[in-house]
Structure formats: structure tokens, C-alpha cells
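Biologist: I'm new to this one and would like to learn how to read it. Could you walk me through a few features?

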Amino acid sequence: MPAQRATTILPTPRAVWEADHRVILRLDTLFQPDSAPSQIGRGGAKIMRMKLYAISDLHVAHATNRDQLLRLRPHPEDWLILAGDVGERPEQLACVLETLNTRFARLIWVPGNHELWTVDRDPAAPRGEAKYRQMVGVARDHGVLTPEDDYPLWTGPGGPCVITPLFLLYDYSFRPDDVAEADVAAWAAEERAACADEIYLSPEPHESRAAWCRARLAVTEARLSALPPDLPTVLVNHFPLRRDLVRIPRIPRFAPWCGTRATEDWHRRFNAHVVVSGHLHVRRTDWRDGVRFEEVSLGSPRQWDHARGVEAYLREILPG
Ligand SMILES: [Fe+2]
Ligand SMILES: [Fe+2]
């Protein structure tokens, strides 16, 4: 783990509020237009250079993606959000976090559907919630923040913002209104769409993936509601928060596996400055209600230009 870990962790909403005020004072000092560099000092100059980046869907089961990741240059002052689908196996996640911990000052990870897959044929292999907990454990072992940890406060340029790693899953509600939930798989199959989650992503101990999603929505909503309402957020979730952001023309009937309508207005409700997601493997920047939505997928090897390197696919979230 790198030595520089100057993260402000927020243990309680009260602490958020206090930290917020301290940060605003410090940033006001740093960004006075006529401040001479000598007045800012070494620590301040570092803060001014800091960037918050994001990338998702590294899919390191593909050797090309894995090898290219090793070529990332060091970003000793920057933070990186990994927005899910790093890989299916704990050892893949561990390997990536080990590599990226040497390149970035702070890592923040949320699970994608692939991290939740059980691909091990051992009947005792963790499934569903247990697999999620296993991957959270891997991240924590590497000092990486997860949806189970206190939300960090970004105090660099573009801040202060609370970064909220979320795990919300999907509930099939991105299907058309005239398709019943029970008919989703058959409806998708009519146009040869399917999702391997139906085989590999167990909802245990929940009765279904939709039920797991509802449980995640409830706990997450409570945590976000406890934040000070005027403190901006960077909401991070593997799945897009809005149905109108799901534009996958090659497989439009994959949409039911892409999120939940329950989060349609979360960018407004929870004062989002930026919303980060992946999963679609369709990189985009969209705007809704003045909020920036970033889809930050790398994707499978045929979906990106290897000559540009992974570096070119790091999306600057803040200052942005
Ligand atoms: Fe993916
Ligand atoms: Fe995904």
C-alpha cells in the first residue's frame, strides 16, 4: 500500500458537516487568485494537482486487459474509482488492487455483476451475498474503500464532495411496461439477448436478484439520506441510475439487467455533482438536470484501442 493515505473518512453525518466546513476554508485559501505559489506550500500544491479518475469493466480475465493495465503510469497524488467488473475471481481482484495501489494514492471500488458470479465449481464456493462479502474482504485487505465503508470526502479541486461507492444491483424494472417480470428472459431471448447472471449470479440468501436489489436500495437510501443535503456527492454504482441512459443498440433487450427505476431521481435527491457508472461497455458523458453522468467502461479487448493504452480511458471525474 502506498505511504500517502491522506483520506478524510466520514464516520458520521456530524463529522461530514464539520469536515465540510474545514475543507471549504482550506480551499478558499488555496484558490485565492492572487495567492503566490510560495504561500500555498508543498502540501497545498499537491492538493491543487490532485485528480479523481474513474474506470470500470477492466475484465482482467482477458489477458490483453490484464497486461495493458500493468502499463498504467504512476498517479501518486490521484484517486481512482473502479466501478465494477474487474473480474470474477477474488485472486483477479486482489491482483488488480495490488497493481493499482502502487499507482494511485487512494482506490475506491464497487462490485459489478461479474464480481458476484460464482464460477468455481466447488459446491462450497461462496454464492450471492457471501460472494459479495468475500470480494469486499479482498478490497479491504488492500486498503480499498467499498460500499460497506464510510464515505470518503474529496478535498481536492472540484470538491468538497462526498464520494459514495454504491452497490444497488438491478430489479428488471428497466423492461418495457408491457412485459411482466416473469417474462423478461423469454422477451429478451426473442431477439437473442440473454444475461449470464441468470446462471452465475446467485441471489442467496435473498429470494431473487430483484429482492436483493430492494434490500440494497433500502440500506443505501438510509445512508445517503443521512448526509448533509447541501454537501455535493459523487454517486458511484456499477449499473446506470437511469433507464434513459441505457443505450445499447446492438442488444437493446439486455436493458432489464442494467439497473432499477428506483434510482431515477437519486442524482437530484442526493445532490449529485457527478454520477459514475459502467456495465454498458458504451463510454459516454450525459447530462440530466445539470448533473454529469459518466459511463466509464473499458470493456472487452475488442471494445477499446490498445494503441492508446488503458491510460487514455481513465475518465477525469474531478475537477472534471
Ligand atoms: Fe462489464
Ligand atoms: Fe457489468
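Modeller: Let's go from the whole chain to a sheet, a helix and then a single residue. Keep in mind that this is a predicted model.

Biologist: Fine. How many helices and strands does the chain have?

Modeller: The secondary structure comes to 9 helices and 11 strands. Of the 320 residues in the chain, 42% are buried. As for contacts with a separation of 6 or more, 75% of them come from residues 24 or more positions apart.

Biologist: Now the sheet. How do I read one?

Modeller: Strands of a sheet pair through backbone hydrogen bonds, and they can run parallel or antiparallel. Here, there is an open sheet of 4 strands, in the order β4-β3-β2-β11, and its pairing is mixed.

Biologist: Which strands are at the edges?

Modeller: Those are β4 (104-109) and β11 (315-318), each of which pairs on one side only. From one strand to the next, the twist averages 30 degrees.

Biologist: In which sense do β2 and β11 pair?

Modeller: Antiparallel: β2, residues 52-55, is joined to β11 over 3 bridges. To spot one of them, find Leu 52, whose bridge partner in β11 is Leu 318.

Biologist: Which residues of α5 are buried?

Modeller: Lys 131, Tyr 132, Met 135, Val 136, Val 138 and Ala 139. They sit on the same side of α5, because they cover an arc of only 155 degrees around the axis.

Biologist: What follows α5?

Modeller: Gly 143 does, with a positive phi near 70 degrees.

Biologist: What is Arg 71 in contact with, leaving aside its neighbours within four places in sequence?

Modeller: Gly 309 and Val 310. Look at Glu 311 too: Arg 71 and Glu 311 are 240 residues apart in sequence, yet their C-alpha atoms are 8.2 Å apart in space.

Terms used. Residues numbered from 1 in each chain as written. Chains lettered and ligands numbered in written order. Predicted model: local features only at pLDDT ≥ 70, side-chain atom pairs only at ≥ 80, totals over all residues. Pairing = 2+ DSSP bridges. Helix = DSSP H or I, 4+ residues; strand = E, 2+ residues; numbered from the N terminus. Axes fitted to C-alpha atoms, helices over the stretch in contact; angles between N-to-C directions. Contact = placed C-beta atoms within 7 Å. Buried ≥ 20, exposed ≤ 12 C-beta atoms within 10 Å, placed from the backbone. Arc of directions from axis to C-beta.
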